[in-house]
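Please consider the structure shown below together with its sequence.

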Amino acid sequence: MFRKYLSMEDYYHLIYPMRTILISSKSGAKESVMAADWCMPLSFDPPMFGVAIGKKRFTYELVKESKAYAINLVSPEMKGKMLTCGTKSGRTIDKFREAGLKREDGKITVLVGDSPASIECKVVDEVGAGDHVLFVGEVVNAVIRKKDRGIYHFGDMRFAEL
Ligand SMILES: Cc1cc2nc3c(=O)[nH]c(=O)nc-3n(C[C@H](O)[C@H](O)[C@H](O)COP(=O)(O)O)c2cc1C
């Protein structure tokens, strides 16, 4: 029988791989873009998504203040830029510039113009979940720029393109 022991904090990896996206947000003049695996559709009608954001992230502050965020798909060619957004904080740097991402104005928040598609959500609920908060968002706008493959995260620095 195959058995491998994981520590409790690593149990979430049992459901991986998960698609990595970029969450963009802005509050006043403050903006950021972060990488995120923990994103899922929640409702057909009205269309809703949920994203789980760690309470220590700069993005958490921006989404909490502005009650808005965008989910931006990541194509394989954006991998390096996604890693910059997933390892540095927008608290101290301009991540659009640092990662070399194209900044685009959306209807209620900022979008990543390089992404194959961006989905803007208005926050309608927040659910505390330990060290993260699940921001429940209702879709207010979607921009589809092209069809492309995505990046799937297996944990650590292991990714696949599909
Ligand atoms: C592949 C990948 C996936 C990530 N997924 C999440 C996630 O789902 N939720 C989260 O809060 N942080 C996640 N992170 C960490 C944030 O992207 C990272 O802490 C980022 O620097 C936060 O930026 P900010 O401080 O500008 O908001 C992920 C990082 C990587 C590299």
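The paragraphs that follow treat the surroundings of the ligand, then a sheet, and finally a residue in a loop.

The model is a predicted one. In this model, 22 residues lie around the ligand, and those that come nearest are Trp38, Thr59, Gly86, Ser89 and Gly90. Two or more residues of this shell are given by each of the elements β3 (30-36), β5 (48-54), α1 (58-66) and α2 (79-87). The largest share is that of β3, which supplies four residues.

Strands of a sheet pair through backbone hydrogen bonds, in either a parallel or an antiparallel manner. Here three strands form an open sheet in the order β1-β11-β12, and their pairing is antiparallel. Arginine 19 has tyrosine 152, in β11, as its bridge partner.

The last topic is threonine 92, which is found in the loop between α2 and α3 (95-99). Is this threonine 92 buried or exposed? Threonine 92 has 9 other C-beta atoms within 10 Å, and because a residue with 12 or fewer counts as exposed, threonine 92 is exposed. In sequence, threonine 92 and phenylalanine 58 are 34 residues apart, while in space their C-alpha atoms are 9.4 Å apart.

Note on methods. Residues are numbered from 1 along each chain as its sequence is written. This is a predicted model: local features need pLDDT of at least 70, side-chain atom pairs count only at pLDDT 80 or more; totals for chains, interfaces and linings use all residues. A residue is near a molecule or strand if its C-beta atom, placed from the backbone, lies within 6 Å of it. Two strands pair if DSSP finds at least two bridges between them. A residue is buried if 20 or more other C-beta atoms lie within 10 Å of its own, exposed if 12 or fewer, and partly exposed in between; C-beta atoms are placed from the backbone.
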